[in-house]
Amino acid sequence: MTTRLVRSLAALSLGAATWAASWAVQAQEINFGIIATDAASVQRERWEPFFRDMEKKTGLTVKSFYAPDYAGVIEAMRFNKVQVAWYGNKAAMEAVDRANGEIFAQVRYKDGSYGYHALLITHKDSPYKTLDDVLKNSKSINFGIGDPNSTSGFLVPTFYIFAQNKVDHRTAFKTIRSASHGANIQAALAKQVDVATNNTEDMGKLEANRPDLFQQLRVIWRSPLIPSDPFVLLSAGRQTHLRVISRSREGQGWRGTSKSMRRSVCSSHSRISCLARRWLSIACCRSSACAGVTMRCTSLPPIMCPHS
């Protein structure tokens with residue numbers, strides 16, 4: 001696990017122990033799903049030490065599940081193949097809607113913040129230095145986009161970059177390919193794509209682990225703040241209330257969802273839910289330049305937290 005992210009937290013193990021204690025009567029193991037932000041081998045290296053800590057705290061066997069795409073983890077939760085999962089915001093909403101999931105914790109970074117940013121990146125030798133350069137020269141650009149269920153790799157850039165500029169990303173570029181954040185970083189470094197989506201989390205890991213490679217990339221666009229990633233629990237397995245725990249190894253933390261905390265998390269995710277609704281509206285239009293998208297979103301009622 002990285003030194004920047006909450007994913008290395010022993011604290012989540014402690015919180016899970018509260019829940020697992022009551023569930024252990026019914027099960028001797030739990031399955032924990034991890035979305036495909038990078039290659040499975042890379043994800044295993046980051047997450048397996050955490051799962052071993054979780055086993056020590058809960059007394060249960062923790063089995064990891066690495067799907068090749070985001071949808072795989074959502075479907076696994078839907079059919080009770082995983083009971084806990086780490087998702088991005090958009091994927092978490094899908095899990096809540098389609099897989100009987102419930103958000104119970106949120107990533108907290110080492111600096112105490114609860115958010116990150118989507119990015120557009122390119123190789124430092126690229127002629128594209130601004131978003132305007134990308135939009136004006138799109139027909140000459142091989143573009144790397146994220147998984148369709150990725151918040152920072154797909155949802156946020158398709159709204160803020162393309163919908164707001166009345167551009168259909170599906171037809172705007174010379175070529176377009178969908179890949180994980182890690183794969184898009186590698187493609188940009190190898191100049192296999194000219195421009196790609198990414199985020200401050202994955203670029204931060206690259207800067208920490210391979211500063212030489214980080215220096216070869218240029219950020220040409222940065223999104224507004226996105227709420228940090230949620231952890232989702234299969235509701236059928238939730239039999240006790242999780243307490244708020246905010247201490248961790250290396251000064252990082254997570255926050256569990258007490259009643260007041262759940263209300264806060266639901267509120268912070270309502271903006272992303274609004275973007276998802278806009279994206280769904282865009283998907284229903286032949287062109288992403290649909291004039292009614294903003295009105296359809298803003299006219300919808302606010303997201304209501306079921307725990308308020």
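## A look around a predicted model

Asp-132 and Lys-136 form a salt bridge, with their closest N and O atoms 3.0 Å apart. A salt bridge here is a side-chain nitrogen of Lys or Arg within 4 Å of a carboxyl oxygen of Asp or Glu. The two residues sit four apart in helix α5 (residues 131-136), so about one helical turn separates them. Lys-136 is exposed at 64% relative accessibility, while Asp-132 is partly exposed at 40%. For these words, buried means under 20% relative accessible area, exposed over 50%, and partly exposed in between (1.4 Å probe, protein chains only).

Some ground rules: this is a predicted model, where local features need pLDDT of at least 70, side-chain atom pairs count only at pLDDT 80 or more, and totals for chains, interfaces and linings use all residues. Residues are numbered from 1 along each chain as its sequence is written, and side-chain values use heavy atoms, with hydrogens and water left out.

### The whole chain

The protein chain has twelve helices and 13 strands. Helices (H or I, at least four residues) and strands (E, at least two) are DSSP runs, numbered from the N terminus. Of the 308 residues, 55% are buried. Take the contacts (heavy atoms within 4.5 Å) with a separation of 6 or more: 77% of them are between residues 24 or more positions apart.

### More salt bridges

The count of salt bridges comes to 13. Here are three of them:

| Pair | N to O distance |
|---|---|
| Asp-132 and Lys-136 | 3.0 Å |
| Lys-63 and Glu-29 | 3.5 Å |
| Arg-98 and Glu-75 | 2.4 Å |

The salt bridge between Lys-63 and Glu-29 links distant parts of the chain: Lys-63 is in strand β2 (residues 61-66) and Glu-29 in strand β1, 34 residues apart. Lys-63 is partly exposed at 40% relative accessibility, and Glu-29 is partly exposed at 33%.

Then there's the salt bridge of Arg-98 and Glu-75. Arg-98 lies in helix α4 (residues 89-98) and Glu-75 in helix α3, so the pair ties together parts 23 residues apart in sequence. Both residues also belong to a network of salt bridges that links Glu-75, Arg-78, Lys-90, Glu-94 and Arg-98.

Helix α3 (residues 70-78) has Tyr-70, Val-73, Ile-74, Ala-76 and Met-77 as its buried residues. They're on the same side of α3 because they cover an arc of only 160° around the axis, going by the directions from the helix axis to the C-beta atoms. Just after α3, Asn-80 takes a positive phi of about 60°.

Which residues does Asp-147 touch, not counting those up to four places away in sequence? They are Asp-69, Tyr-70, Phe-154, Ser-178 and Ala-179. Asp-147 is in the loop between β7 (142-145) and α6 (151-162). Asp-147 is buried but has no salt bridge, and the nearest side chain of opposite charge, Lys-90, is 7.3 Å away. (Lys and Arg count as positive and Asp and Glu as negative; His and the chain ends are not counted.) The Asp-147 side chain does reach the backbone nitrogen of Asn-149, at 2.7 Å.

Tyr-70 is also among the contacts of Thr-37, a residue in the loop between β1 (29-34) and α2 (40-58). Thr-37 and Tyr-70 are 33 residues apart in sequence and 8.3 Å apart in space, C-alpha to C-alpha. Thr-37 is buried, with a relative accessible area of 5%.

Conventions
A polar contact is a pair of N or O atoms within 3.5 Å; within protein, one must be able to donate a hydrogen and the other to accept it, and residues adjacent in sequence count only if both atoms are side-chain atoms.
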